[in-house]
Amino acid sequence: MPFPLYLLAVAVFAMGTSEFMLAGLLPDIASDLDVTVGTSATLTSAFAVGMIVGAPLVAALARTWPRRSGLLGFVLAFAAAHAVGATTESFPVLVTTRVVAALANAGFLAVALTAATALVPPDKKGRALGVLLSGTTVATVAGVPGGSVLGALLGWRATFWAVAAACLPAAIGVLAGLPARRARDDAHDGPALRTELAQLTRVRLVLVMLLGALVNAATFASFTFLAPVVTGTAGLGELWISVVLVLFGAGSFVGVTVAGRLSDRRPGLVVAVGGPLLLLGWPALALLAHEPVALFALVFAQGALSFALGGTLITRVLYEAGGAPTMAGSYATAALNAGAAVGPLVAATTLGTAAGDVGPLWASGLMVALALLIAFLAHAWARPAALLACQESQR
């Protein structure tokens, strides 16, 4: 894989740390700013909503921007939002900084996905996406648990400052790793914006976006509320939250690495095997979360399965949106974060029920079940249609 691809992954690491780090900080933020844990979870949803809205909007605006300077601007805006967030005493202001950071993240990721796939041959999109998303998985392995430990020792504000500081080497990586080529060149050579937006009317593209969103919703529904599961259901100390986050991150790294190698040529295999296993894993985790050993093993497995399946589906978004070369990355980003927005909101509604702290785990299982049902019905509908088309072509 080209070296600039790994430099882009450095920036994704910094941004991924911010996106996932709230899983270990929500209780402290809620206590410090005098809101409930459920209310503080809206910070995750606010970030995701900013990503959903920002991905297509900023990608459309950035089609004619210099690619390198655009990515640099997004990184610096992201850092500034975290600096403001670290100093505020107002929860609404903190929510606002999350939206601003999300817009910057959305712009960066949408452009970076397009840049990454442009650096490799057309049949290597999955591997390129795997390298880029490895920045996110490394964030869950190192950045998020490190932020959780830092938050436990020095407070959640220290973690926000650390993310802002991590953006600086990422900015240097963008400057050093990408040529100062104008995106305008690609925009002029490719289809018009209206043509690219028209790709969203394609049923197959919308279907894989929906499936990717549902799988990611299941992932975020549980990941956002892992801290209460660790300290409440399992009865472990706060520092064990970091251990669980490391295990989830290690699993996600394994999953995205495997998906990167299979999603280009064998996406059906990943879905057929990983989907049912992921479906079984969430209720199993809900039932066994009180046992630390089972908790650790299942968190690792669910991290691997979630990212393998989710990464494969998002790769298919890039393939299905091949007619939108400058906007495909924004479609993939929007699908990912539509799930990230919905998942925590659905999970939060289960916290006040009899399910208690493991309610989000049951919610994740239901969302994966819905995704698999839709995939099955779509496959069942497509087979007769394909057979009929084949018969017509033979006449």
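**The space inside**

The largest cavity has a volume of about 300 Å³. Two terms first. On a 1 Å grid over the protein atoms alone, a cavity is a set of points where a 1.4 Å probe fits but cannot get out; a pocket is an open set with protein on both sides within 12 Å along at least five of seven lines; and lining residues have an atom within 4 Å of a point. Grid points are joined across faces, edges and corners, and a volume is the space filled by probe spheres set on the points.

A word on the source. This is a predicted model, where local features need pLDDT of at least 70 and side-chain atom pairs count only at pLDDT 80 or more, while totals for chains, interfaces and linings use all residues. Residues are numbered from 1 along each chain as its sequence is written, and side-chain values use heavy atoms, with hydrogens and water left out.

Back to the largest cavity. Its lining has 22 residues, and Phe20, Leu133, Thr136, Phe307 and Leu336 lie nearest its centre. Which elements give two or more residues to that lining? They are α1 (3-21), α6 (91-118), α7 (125-154), α11, α15 and α16 (328-348). Helices here are DSSP runs (H or I, at least four residues), as strands are (E, at least two), numbered from the N terminus. By class, this lining has 12 nonpolar, nine polar and one charged residues. The classes work like this: Ala, Val, Leu, Ile, Met, Phe, Trp, Tyr, Cys and Pro are nonpolar, Asp, Glu, Lys and Arg are charged, and the others, Gly among them, are polar. Across the whole structure, the search finds five cavities of 30 Å³ or more.

**The largest pocket**

Now the open space. The largest pocket holds about 640 Å³. It is lined by 18 residues. Nearest its centre are Arg204, Leu207, Val208, Ala375 and Ala378. Four helices each supply at least two lining residues: α11 (203-223), α14 (267-288), α15 (292-320) and α17 (359-394). Which of them gives the most? That is α17, with six residues. By class, the pocket lining has 12 nonpolar, three polar and three charged residues.

**Salt bridges**

Next, charged pairs. A salt bridge is a side-chain nitrogen of Lys or Arg within 4 Å of a carboxyl oxygen of Asp or Glu. How many are there by this rule? The count comes to four.

Take Asp32 and Arg157: their closest N and O atoms are 3.2 Å apart. Asp32 lies in α2 (residues 26-32) and Arg157 in α8 (residues 156-177), so the pair ties together parts that are 125 residues apart in sequence. Arg157 also pairs with Glu89, with closest N and O atoms 3.3 Å apart. Here Arg157 in α8 is linked to Glu89 in the loop between α5 (67-87) and α6, 68 residues apart.

Arg157 is buried, at 17%. Asp32 is partly exposed, at 39%. Glu89 is exposed, at 61%.

Another salt bridge joins Glu320 and Arg202, at 3.3 Å from N to O. Glu320 is in α15 and Arg202 is in the loop between α10 (193-198) and α11, 118 residues apart. Glu320 counts as buried, at 12%, and Arg202 as partly exposed, at 31%.

**Two more residues**

Let's look at Arg98, in α6. Its relative accessibility is 1%, so it counts as buried. Its side chain makes a polar contact with the side chain of His82, at 3.4 Å. A polar contact is a pair of N or O atoms within 3.5 Å; within protein, one must be able to donate a hydrogen and the other to accept it, and residues adjacent in sequence count only if both atoms are side-chain atoms. Contact in general means heavy atoms within 4.5 Å. Leaving aside neighbours within four places in sequence, Arg98 is in contact with residues including Ser18, Glu19, Phe47 and Phe160.

Last, Thr88, in the loop between α5 and α6. Thr88 is buried, at 9%. Not counting residues up to four places away in sequence, Thr88 touches Val93, Leu94 and Arg157.

Conventions: Buried means under 20% relative accessible area, exposed over 50%, partly exposed in between (1.4 Å probe, protein chains only).
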